[in-house]
Amino acid sequence: MCGSTKCEESSGARASQDTLTKMKTHHENLTPMAHSAQNRCFGCGPASPSGLHLEFMLASDGTVVSLATVPDSFEGPTGYLHGGIIATLLDETMSKAVRARGLTAMTRHMEVDYRRPVPSGAPIRMEGRMVRSEGRKHWTEARIFGDDDTVLAHGIGLFIEVHKAGHAK
């Protein structure tokens, strides 16, 4: 995290420890989120041959959850995921938190706190939620948990709602 006042002002949603504590682990009452078979998204697209193929579920409180085991082909150091893949996991989770509200948005700003190495080939859980919205701006946060519920990485992001080309709104 950058820690500067300018960066804090640009993110608009610096997560506090209290906020992190309020995000809770979800194990039940999860509804699968649908993905188009033609979706080529690197994170969740079934049509992306080299993608992560993440599947997301929605909890009753609006939190999105993904249970995954990311293969060692996405490693940095042996046994651990590459930092860029960890950022992608957080970005994808935050994006789905916005999508769960029926909105399409793109990342404008994102910060990642790499707390502990994220193992490859081991079960992890990602959770994300929308923190607040103002017009087309949507602030989000996400966490990656290890199999012992330890927070391995945390991210905050600002997403800007976009409209499909040729569609005015």
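Is Asp-149 buried, partly exposed or exposed, and what is its relative accessibility?

## Asp-149

In this predicted model, Asp-149 has a relative accessibility of 40%.

Asp-149 belongs to the loop that lies between strand E6 (137–145) and strand E7. The phi angle of Asp-149 is positive, at about 70 degrees, although the residue is not a glycine. Most residues other than glycine have a negative phi.

## Glu-161

Strand E7 covers residues 151–161, and Glu-161 is found in this strand. The relative accessible area of Glu-161 is 11%. Glu-161 is therefore buried, since the cut-off is under 20%.

The side chain of Glu-161 also has a polar partner: it makes a polar contact with the side chain of His-138, at 3.4 Å.

## The largest nonpolar core

The largest nonpolar core contains 29 residues. Val-70, Leu-81, Leu-89, Leu-90, Ile-124 and Ile-144 are the residues with the most contacts inside this core. At least two residues of the core come from each of strand E3 (64–69), helix H3 (83–99), strand E4 (105–114), strand E5 (123–134), E6 and E7. Helix H3 gives the most, with 8 residues.

Ile-124 is one of the core residues with the most contacts inside the core. Leaving aside residues up to four places away in sequence, Ile-124 touches Ser-66, Leu-67, Ala-68, Val-70, Leu-89, Val-118, Ile-144, Phe-145 and Leu-152.

Notes:
Residues numbered from 1 in each chain as written. Predicted model: local features only at pLDDT ≥ 70, side-chain atom pairs only at ≥ 80, totals over all residues. Heavy atoms only, no water. Helix = DSSP H or I, 4+ residues; strand = E, 2+ residues; numbered from the N terminus. Buried < 20%, exposed > 50% of the residue type's maximum accessible area, 1.4 Å probe, protein only. Polar contact = N/O pair within 3.5 Å; in protein donor to acceptor, adjacent residues only side chain to side chain. Core = buried A, V, L, I, M, F, W, Y, C linked by side-chain atoms within 4.5 Å. Contact = heavy atoms within 4.5 Å.
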